[in-house]
Structure formats: C-alpha cells, structure tokens
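Keep the sequence and the model side by side, try each task, and then read the solution.

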Amino acid sequence: MTSGGAEASGEDRTAASGETSSSESAEERDDVGDLAETEIHDVLRNERRRLALERLSERSGPASVSDLAEHVAALEAGERPPPNNLRQSVYVSLHQTHLPKLDELGIVEYDTDEKTVELTDRAGQVTVYLEVVPRYGISRNELYLGLAVLGILLTLAAALGVPGFAAVAPGTWALVALALIATAATFYTAKQGETVFDRF
C-alpha cells in the first residue's frame, strides 16, 4: 500500500493531467467469455484498482465514486478522513482512468452521469484473486480451513494419546487453533482498514 506522500503510478499521473480513457458502456459491449490472464494481471497490478474492487466486493449494490475515493485515499494515507488533496487525486484517477478501464473490460458497470459503479457477474474472475495470500498462493478461505483442519487433527491426536501430542490437553489444542484463526482474521480486518461496524 502506498503512503499519502508516495508518488502515483503512471496511469494515475495520466488521469491527474486530465487525459481521459475512452470506454464502451456495459450495454454496448459484448463481454461474453473469460478475461485473458494478461487482462486480469493488468487490472490487479494497480493498487488503486485493487482497493476499489475490494471495496465494491464488500457491498451488495452500487457505490459512489466519492465513497470509493474516500476509502482508497484513507488506506493510502493511513488515516481517516484522508487529506483532501489525496482524496481528490484518487477521485480523478478513478473517474478518468481506472473505472472506465474496468467498465471496458466488463468487470464493472460505471454510470458516468450518476458517478456510481457496481460489479458485474464477470467481476468474479478478478475478485477471486483479491483473496489470495501472496506469500503462499492460497486464498484466505483456504487458510482458515487449513487452520481449522489442523486444530481438529491436533485435538484428535491428543485425545487418542498419540505420543508428543497427548502431553497437551485436547481442549488446549482446540483453543490454539481458534486463536490462530482469530489472529489471521484480525490481521486481514486491520489490513482492510475498516470493520463491518464502520459501515453502519
């Protein structure tokens, strides 16, 4: 994640300079079929696009560009509310570059008149990669499942008297597994920068 004072990407600098990207509307575009791997990689290589998609994936309906800009800028700055100049920079880059690009690929539907955006059915081809734990290449759900299975196996081993595991009470192993799952969930919640309580 970039800090509030970090230099923007080339695409963001292009947006800030006032150059706009042309795009077709979702209704006019034939977006059947899967996205190419190169297209998915291109979408996810930009931090602001990733953060915007993460925000949209947390919602059940459309979001305003202002809301996205506020959220992304807060994560970049590491503070809420974010500095006005950073929020404005994010807003311009989303409106002029990133959202039109996502709309062109059929990942979102961007209403440039109402300044609202929402994910399409095709977005799942991209958002699934947002849940990947980069170091190990597994999804968060797989991480949680793995920790749960590990806890069950350790608990069973202790209950069955397996040497090396029986020295610890089965309930203790279960608590260790729960603690690991809670730690992982807390880490990703903190990294997200917002909890479910902040949305009400």
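**Exercise 1.** In which helix does L143 lie?

*Solution.* Before starting, know that this is a predicted model, in which local features need pLDDT of at least 70, side-chain atom pairs count only at pLDDT 80 or more, and totals for chains, interfaces and linings use all residues. Residues are numbered from 1 along each chain as its sequence is written, and side-chain values use heavy atoms, with hydrogens and water left out.

Step 1: find L143 in helix α7. Helices (H or I, at least four residues) and strands (E, at least two) are DSSP runs, numbered from the N terminus.

Step 2: look at its cover. L143 is partly exposed because its relative accessibility is 22%. The cut-offs are under 20% relative accessible area for buried, over 50% for exposed, and partly exposed in between (1.4 Å probe, protein chains only).

Step 3: look across the chain. A185 is 42 residues away from L143 in sequence, and their C-alpha atoms are 10.0 Å apart.

**Exercise 2.** How many helices and strands are in the protein chain, and in what order do they run?

*Solution.* Step 1: count 8 helices and 5 strands.

Step 1: walk from the N terminus, and the order reads α-α-α-β-α-α-β-β-α-β-β-α-α.

Step 2: The protein chain has 200 residues, of which 34% are buried. It exposes about 11600 Å², and 55% of this comes from carbon and sulfur atoms. These accessible areas come from the Shrake-Rupley method with a 1.4 Å probe; for residues, only the protein chains shown count as cover.

Step 3: turn to contacts (heavy atoms within 4.5 Å). Taking those between residues at least 6 apart in sequence, 62% join residues at least 24 apart.

**Exercise 3.** Work out the order of the strands in the open sheet, and find the partners across it.

*Solution.* Step 1: the open sheet has 3 strands in the order β1-β3-β2, with antiparallel pairing. Two strands pair if DSSP finds at least two bridges between them. β1 and β2 are the edge strands, each pairing on one side only.

Step 1: take β1 (residues 63–64) and β3 (residues 116–119), which are joined by 2 bridges. Here S64 stands opposite T116.

Step 2: take β2 (residues 108–111), which is joined to β3 by 4 bridges. V108 has L119 as its bridge partner, E109 faces E118, and D111 is partnered by T116.

Step 3: check the turn. β2 and β3 make a hairpin with 4 residues between them, and K115 in this turn has a positive phi of about 60 degrees.

Step 4: compare the faces of β2. V108 and Y110 are on the covered face, while E109 and D111 are on the uncovered one.

**Exercise 4.** Which strands does helix α3 lie across?

*Solution.* Step 1: α3 (residues 47–57) lies across β1, β2 and β3, running at about 75 degrees to β3. For such angles, axes are lines fitted to C-alpha atoms, for helices over the stretch in contact, and angles run from 0 to 180 degrees between N-to-C directions.

Step 1: pick E54, which is found in α3. E54 is partly exposed because its relative accessibility is 25%. From E54 to T127 there are 73 residues along the sequence, with 7.3 Å between the C-alpha atoms.

Step 2: bring in α2 (residues 37–44), whose buried residues are I40, D42, V43 and L44. These buried residues pack against α3, α5 (84–104) and α6 (124–127).

**Exercise 5.** Is A157 buried or exposed, and which residues does A157 touch?

*Solution.* Step 1: locate A157 in helix α7. A157 is buried because its relative accessibility is 12%.

Step 1: leave out residues up to four places away in sequence, and A157 touches V162 and F165. W173 is 16 residues from A157 in sequence and 9.5 Å away, C-alpha to C-alpha.

Step 2: follow F165 into the loop between α7 (140–159) and α8 (170–192). F165 is partly exposed because its relative accessible area is 30%.

Step 3: see the surface around F165. I152, L156, L160, V162 and F165 form a nonpolar surface patch with about 470 Å² of accessible area together. Like charges are joined within 9 Å, and nonpolar side chains (Val, Leu, Ile, Met, Phe, Trp, Tyr) within 5 Å.

Methods:
Patches are made of residues with over 30% relative accessible area and no salt bridge: like charges are joined within 9 Å, nonpolar side chains (Val, Leu, Ile, Met, Phe, Trp, Tyr) within 5 Å. A salt bridge is a side-chain nitrogen of Lys or Arg within 4 Å of a carboxyl oxygen of Asp or Glu.
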